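Please open the model in a viewer and keep the selection tool at hand.

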Amino acid sequence: MADAKKSILFIEDDKFISEMYTRKLRQSGYDVDEAMDGPSGIEKALAKEYDLILLDIFLPNKTGIEVLNELRGPEGAGLPNTKIVIITNYAQDDESRAALESKADGYIIKADVTPKKLVTLVDQVLAK
Amino acid sequence: MSNFDKLKRETTALLTISSIVTVLSGLIAGILLALLTQIETVYVVIISFSAALLVSVLYSLYLRKVLNMPYVYLLRAGGGEGSTPQSIDLDSLSYARDITGEIISQIIQLADKINQQNTDQSGQLNVLSSILNSMNFPVFGLNSSGNVVYTNQTGLNIAGKTYEQIKGQEFNLVLPLEKDGQQFVDTWRTDCQKNKITDDTTWQNIKISAGSSRQTYSYDVVGHFERNSSAGVESIIVLIDRTAEHQYDDMKVDFVAVTAHELRTPITILRGYMEAFAEELEPAMNDEQKRFLEKMQVSASQLSDFITNILNVAKVDKGALQLHFEKHPWNKILKTALDDLSLRAEAHGKKLEVNIEESLPEVAVDPISIVEVINNLVDNAIKYSAGSDKIIVKSYMTKNNMIETTVQDFGIGMPTNLVGKLFTKFYRSHRSKQQFGGSGLGLYLSKAIIDAHKGNIWAKSKEGEGSTFGFDLPKYADVADSLASNANMNNNILRGSHGWIKNHSMYRD
């Protein structure tokens, strides 16, 4: 069962996808904010401490990987109380896997994750 | 015996037999001719014998040319004579390994002889050095500690250092070579020192960044190990440039990845909103409408799986399919996969009959890819079982102590002589092309996955009666040791068909 106090920032430029997932997450009791590109995503992430950031890769102005690196910093210690999960339809490159496993808390393929399944995975990531 | 030695032996045998047969034929022909004509027997026999011998010699020379025997001539120690090496076809990888091993063996023998003779061999050493420096592939000689004791000019170029800088240094520091996160040269050398007298091996598609621009090159790396070599060179590493060939595969994977991304985006939206319809509108739907929605969901799911298949096939072709092995009870993996597949089967009017032996042992599997194999086999059974609604799935221990899983349908089947081609990429029989859609990729991919699991996949079929597809897997206990050092075993990551998340809780979906 989702904790109603948990907050999520969804950084996704495709409005259809953003609406679809955000709708289900809100129905499940999460407080969800949205950002449509990398720079506004970073701005919101630094202005408020979110429990989870869902981050697309192919974003305007700055890619999701650049956003991840900027938020986590070179040592990977940035935003220590915020989980960051990449949510994308891009098949993960083997060479980037190690780097992502050190800074991200998950890598999800959207086409294999319906809104209901996303809620399950979010519950899992935020569970203690 | 190496492939090269086998080839030489077989061809020599062929030449010898051909010669004997030709000569005998000539003799017999001569004797018959003499009997039938007035000519003196002895003259006819001599002429026939000579003609047969001449034909035999010419035929042998022709056979040698046709077979393109790639003899490589090196300096003969002590003689100073030599011949120019003939061109070597390095396109065949095992052939390249054998030829390279042959060259390296002869170089080592030559170096040994020079050492032992302890005379001024500077002339021969200069020639040897010239030959190695003229080779356009890097050669490194390592001692038993893994330090570089020799390299040619191409080796210095790729390392970007001078000979003084690398001599005596650890090879892994001079030229770090990694595959799957492991420095494989050290692992291989250690294994050879424990278990082998001599060894030849190859690693494919190893990436190296070189040059001032740090461009990435792709090499096949050949290793030759020789215990107790008195020349002090215990192992030799040779790099064969495959950048041009692998670049095409790399570009293909990037193109496929971008295309898959674009195709997956609308699928994401379709699946997401269909789920919303199913949850929120289902109470208002009649049975027929519910079935429509179910079929839409199944089709979207199949399309998503197909895109994943294409991505994986591109990776297989590139040699880059990376699997993550985990210990799992086989019953659980199979039952979970079949639960999902039952819905798909029902949507097509089929029923899955499942018979799984109790207490099957644990296996080491990549859970995502092994489920893809199960999906592919059951999907094929659904597709090709027209006229029958039953599909039987079984899993049991075999006498060889492997866990075998079979999928049997009672559909159209196929001629036995076509079964062997089934696992070829894009292969689809003429009849299946006429009746069904499909890409011919599923079985090709399934075979690659099962091979990587150290299992076997097979098929048998009878036209008009149906087909059975099966694969076996080793028990976890039988492969645990080899997996212990595998860098891909990361137990802190929970992987699924959707991707991965870090193990923040004990819950697994």
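**Nonpolar cores and aromatic rings**

Begin by selecting Trp330(B), Leu338(B), Ile374(B) and Phe471(B), which touch the most other members of the largest nonpolar core, a set of 40 residues. Such a core consists of buried Ala, Val, Leu, Ile, Met, Phe, Trp, Tyr and Cys residues joined through side-chain atoms within 4.5 Å; buried means under 20% relative accessible area, with a 1.4 Å probe and protein chains only. This is a predicted model, in which local features need pLDDT of at least 70 and side-chain atom pairs count only at pLDDT 80 or more, while totals for chains, interfaces and linings use all residues. Residues are numbered from 1 along each chain as its sequence is written, chains are lettered from A and ligands numbered from 1 in the order in which they are written, and side-chain values use heavy atoms, without hydrogens and water.

Next, select Ile42(A), Ile84(A), Ala91(A) and Ile307(B): they are among the 30 residues of another core, apart from the largest one.

Rings of Phe, Tyr and Trp (its six-membered ring) pair if their centres lie within 6.5 Å; planes under 30 degrees apart count as stacked, over 60 as edge-to-face and the rest as tilted. Display Phe184(B) and Trp203(B), a tilted pair at 4.5 Å centre to centre and 35° between the planes. Both residues are buried. Ring pairs join Phe184(B), Trp188(B), Trp203(B) and Phe225(B) into a cluster.

Note on methods. Buried < 20%, exposed > 50% of the residue type's maximum accessible area, 1.4 Å probe, protein only.
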